Amino acid sequence: MRPLSALSVEDINGIDKVVFDLDDTLLSNGKLEEDAYSALFRLRVAGFTLIASTGRPASFAEVAVRQWPIQAAIAENGGVAFHCLDGPLTKLDTCPGHTRRERRARLETFTETLRNEFELQLADDNHGRITDVAFDIGEHHRVAPEVVERARNLARVSGFRTFCSNIHMHLTLDAFDKATGFAALMSNLQQDPVRELRRAAFLGDSANDGPAFAAFGLTLGVANVRKHLAKLTVAPRFVSHSTMGRGFSEIAARLVELRA
Ligand SMILES: [Mg+2]
């Protein structure tokens with residue numbers, strides 16, 4: 001990873017979108033602070049299209065698109081999105097309704113298995129979720145990494161996929177991640193997803209950002225990404241000096257400066 005000061009005009013050539021993680025990237029310990037929030041306005045004024053990409057529930061994404069100066073939010077690690085990129089607020093769930101209901105029932109049954117087997121606790125934001133179930137492994141409860149690993153193994157052999165951020169373990173039957181979720185949103189808008197991945201900067205901090213760090217044209221981490229490097233097959237190309245929301249603000253200021 002190179003310092004933000006090494007980011008050049010050539011690196012941002014053609015970049016017109018900023019895709020960013022929420023927890024511990026835009027948000028600092030779950031809160032949207034003043035400098036990070038104003039950074040969104042500065043990026044928007046500079047002409048970037050802003051797209052949040054989070055493991056948080058669909059309901060969070062809908063509120064963010066309705067209220068913040070952003071044009072889209074992809075939630076549940078790529079499973080579902082809300083956007084106003086081509087008109088009024090639209091929800092994108094590529095899974096047909098009957099399949100979604102079938103998957104929901106399987107998720108709920110297997111959730112009980114995981115709760116009984118590993119004494120895992122549900123995250124406190126499950127009521128707003130459409131495509132996945134989230135377990136709290138570090139937000140309000142600590143779960144030992146080896147317990148998380150055993151739970152993930154059981155999920156895998158049972159036909160489920162899992163993602164971990166530093167706070168949640170997600171269980172899903174959907175095939176998406178933060179890179180393919182973005183690609184699906186672009187395809188739905190009749191845009192070439194490969195070209196759009198190259199034209200977007202991705203900002204993140206942890207393991208569930210891994211697929212995005214491997215796929216986007218320009219990738220940047222906030223300083224706290226250093227704690228999660230062992231879980232990333234591809235590290236972001238650039239890293240901020242500050243952590244979380246302050247790091248986001250620092251990256252935003254650099255992007256705006258170079259675009260000007
Ligand atoms: Mg994060």
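I took two aromatic rings as a pair if their centres lie within 6.5 Å. The model I am working from is predicted.

Aromatic pairs. I counted 6 aromatic pairs by this rule. I then looked at Phe 202 and Phe 213: their ring centres are 5.7 Å apart and their planes stand at 85°, so I logged the pair as edge-to-face. Phe 202 belongs to strand 11 (residues 200-204) and Phe 213 to helix 7 (residues 210-215), so this pair ties together parts that are 11 residues apart in sequence. I checked burial for both rings' residues. Phe 202 is buried, at a relative accessible area of 0%, and Phe 213 is buried too, at 3%.

Cluster. I found that Phe 202 and Phe 213 belong to one aromatic cluster, together with Phe 182 and Phe 216.

Helix 5. I looked at both ends of the helix. At its start, a side-chain oxygen of Asp 177 comes within 2.8 Å of the backbone nitrogen of Ala 179. After the helix comes Gln 190, with a positive phi near 65°.

Charges over rings. I noted Arg 106 over the face of Phe 160, at 5.4 Å from the ring centre. I also noted the charged end of Arg 259 over the ring of Phe 48, 4.4 Å from its centre.

Note on methods:
Residues are numbered from 1 along each chain as its sequence is written. This is a predicted model: local features need pLDDT of at least 70, side-chain atom pairs count only at pLDDT 80 or more; totals for chains, interfaces and linings use all residues. Side-chain values use heavy atoms; hydrogens and water are left out. Rings of Phe, Tyr and Trp (its six-membered ring) pair if their centres lie within 6.5 Å; planes under 30 degrees apart count as stacked, over 60 as edge-to-face and the rest as tilted. Helices (H or I, at least four residues) and strands (E, at least two) are DSSP runs, numbered from the N terminus. Buried means under 20% relative accessible area, exposed over 50%, partly exposed in between (1.4 Å probe, protein chains only). A charge sits over a ring if NZ of Lys or CZ of Arg is within 6 Å of the ring centre and within 35 degrees of the ring normal. A polar contact is a pair of N or O atoms within 3.5 Å; within protein, one must be able to donate a hydrogen and the other to accept it, and residues adjacent in sequence count only if both atoms are side-chain atoms.
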